Amino acid sequence: MQPPPRRPRPGGTGPPGRRIPRRRLAALACVSALTFTVSTSAGTGRLGPDAGTAGAGPIVLSHTPAHGPCMIRGAREVQLSEGIPTPTGYTRSTGIVRALTLMVDFSDAPGEGDAQDRFREFFPQTREWFRTSSYGRLDYRPETPIPGWLRMPKSFREYGIERGAPFEPGYRTLVQDLVEVADPDVDFRAYDLLNVLVSPNAGPSALDTVLSVTFAGNPDAPVADGTPVANASFVYSRQDDGSGSYDRTGYRVLPHENGHVFGLPDLYTAEGGGAVGHWDIMSEDWGANNDFLGWHKWKLGWLDAAQVHCAASPGTTEYTLTPLARAGGSKLVFVPLDARTGYAVELRTHAGNDEAVCRPGVLIYKVDAEVDTGMGPVTVTDSRRNSGGCTRAPNVHAELSDAPFTPGETFRDAGRGITIGVTGVEAGVAGVGAGAGVEGGYRVRVTRE
Ligand SMILES: [Zn+2]
């Protein structure tokens with residue numbers, strides 16, 4: 001719960017010395033036995049269990065008994081884990097998800113202009129981002145029952161919101177006040193998650209410090225209309241990375257924060273984005289558009305069991321992976337190492353949300369369900385170490401941009417007796433290099449001794 005260190009701005013065209021620090025996640029609860037059940041008591045305004053569980057899990061994971069060895073879990077409890085399945089208490093990530101979106105301001109940071117302009121910094125882009133990434137399985141519906149600025153009763157300064165601020169007491173007070181002020185116009189039971197878009201002039205610029213934060217799976221949150229406001233994302237300032245692309249890319253702080261609401265951990269660490277680079281929005285949410293890892297898509301319920309292959313048995317197995325950014329076909333091979341870790345294998349191409357991919361190929365990364373958020377639960381294997389990478393896009397982690405393995409290349413973990421080779425390309429691949437469209441698939445051969 002310590003305020004995280006700042007990290008250097010990744011690449012960038014802005015003035016030297018300016019920084020985008022890592023954003024702090026404060027998931028207060030990741031316990032396995034959350035319950036939103038409120039005792040039913042007619043006439044008191046309290047609600048029965050059905051009414052009190054709007055949007056809360058379980059996240060629907062598609063799997064078969066054959067996937068059992070790949071459903072890794074940590075032995076110890078961590079705040080936010082890559083383990084599968086996601087514990088209950090987070091927001092369901094499939095079907096219709098109603099996002100209560102409130103634009104709030106303060107006497108010492110009054111909203112300037114139309115609050116709907118603040119809303120339009122994030123929508124419809126966030127809705128489209130999720131629709132694309134989920135192959136249409138997440139129908140994200142932002143709603144603004146209060147169209148204007150919602151003035152909080154205390155000044156911004158009085159809430160004591162700063163970088164790394166815990167839920168108690170500042171955020172609790174803010175949520176309590178927000179519920180009280182919004183309650184006449186909002187039925188909180190009708191929504192699955194809460195977005196609080198704060199007036200951009202509250203707090204420091206994102207170039208100095210990123211205050212945006214999500215409290216996810218938090219059963220101790222204040223109760224509104226009988227249901228805890230357990231999954232709430234707060235977005236401050238404007239995440240302008242200085243590359244002149246804010247209008248096109250600045251909204252992605254919200255899908256990142258909402259990723260926590262769906263139970264995903266941060267993939268950057270105190271050292272920055274060097275573990276995963278630009279291969280997941282939970283690692284970097286600025287610069288050119290990027291997607292989720294295939295592991296996250298399975299975890300979120302966006303892949304069918306038939307699209308995920310668990311390579312648990314000794315011997316050699318072969319698969320044809322289709323581009324992760326396109327719907328249909330095999331998307332993920334997982335090679336479990338033990339009950340808590342394994343290698344994930346997927347094909348990344350320049351398509352869909354994967355705008356930053358400069359060379360298509362098979363991305364191989366280790367997932368550890370016992371490593372907590374922000375501590376490096378995922379590590380991408382770089383097929384070309386110290387190459388400098390292939391991207392020239394501003395604010396995209398460069399070194400890992402050419403991490404994927406291409407046909408003819410092989411990954412080996414000699415200690416574990418695991419070999420993963422990219423053995424060929426199916427028909428339909430239009431070419432290689434930046435912008436290459438991959439229509440077919442890549443053949444992958446997994447050998448376990
Ligand atoms: Zn985060």
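Guide: Let's start with β13, which is mostly covered: seven of its eight residues are buried. Buried means that 20 or more other C-beta atoms, placed from the backbone, lie within 10 Å of a residue's own; 12 or fewer makes it exposed, and in between it's partly exposed. Keep in mind that this is a predicted model, where local features need pLDDT of at least 70, side-chain atom pairs count only at pLDDT 80 or more, and totals for chains, interfaces and linings use all residues. Residues are numbered from 1 along each chain as its sequence is written.

Visitor: How do I read a name like β13, and which strand does β12 run antiparallel to?

Guide: Strands (E, at least two residues) and helices (H or I, at least four) are DSSP runs, numbered from the N terminus. Two strands pair if DSSP finds at least two bridges between them. Here β12 (residues 341–348) is joined to β13 by eight bridges, and the two run antiparallel. Look for valine 345 opposite isoleucine 364 in β13.

Visitor: What does β13 do with β14?

Guide: β13 (residues 361–368) pairs with β14 in the antiparallel sense, over three bridges. Valine 367 faces valine 378 in β14, and lysine 366 stands opposite threonine 379.

Visitor: Which strands make up the open sheet, and in what order?

Guide: Five strands, in the order β9-β11-β12-β13-β14, with mixed pairing. β9 (308–310) and β14 stand at the edges with a single partner strand each, so one side of each has no neighbour in the sheet. From one strand to the next the twist averages 25°, taking angles from 0 to 180 degrees between the N-to-C directions of axes, which are lines fitted to C-alpha atoms (for helices, over the stretch in contact).

Visitor: Which residues of β8 are buried?

Guide: Ala232 and Phe234 on one side, Ser233 and Val235 on the other; both faces of β8 are covered. β4 (residues 193–198) runs parallel to β8, joined by four bridges, and asparagine 195 stands opposite serine 233. β5 (residues 213–215) runs antiparallel to β8, with three bridges; there, phenylalanine 215 has alanine 232 as its bridge partner.

Visitor: Serine 237 has a positive phi: is it buried or exposed?

Guide: Serine 237 has a phi of about 45° although it isn't a glycine, and it sits in the loop between β8 (232–235) and α5 (246–249). It's buried, because 21 other C-beta atoms lie within 10 Å. Asparagine 386, also not a glycine, has a positive phi of about 55° and belongs to the loop between β14 (378–380) and β15 (410–413). Asparagine 386 counts as exposed, because it has 7 other C-beta atoms within 10 Å.

Visitor: Where is the peptide bond cis?

Guide: Check omega. Isoleucine 84 and proline 85 are joined by a cis bond with omega about 0°, and proline 85 lies in the segment before β1 (95–105). The bond from phenylalanine 123 to proline 124 is cis too, with omega near 10°; proline 124 is in the loop between α1 (115–119) and α2 (125–133).

Visitor: What is the mean pLDDT of the chain?

Guide: pLDDT is the predictor's confidence in each residue, from 0 to 100. The mean is 85, and 84% of the residues reach 70 or more. Over residues 1–54 the pLDDT is below 50, and this stretch has 124 contacts in the model beyond near neighbours in sequence. A contact means C-beta atoms, placed from the backbone, within 7 Å. Residues 431–436 also stay under 50, with ten contacts beyond four places in sequence.

Conventions. Two residues are in contact if their C-beta atoms, placed from the backbone, lie within 7 Å.
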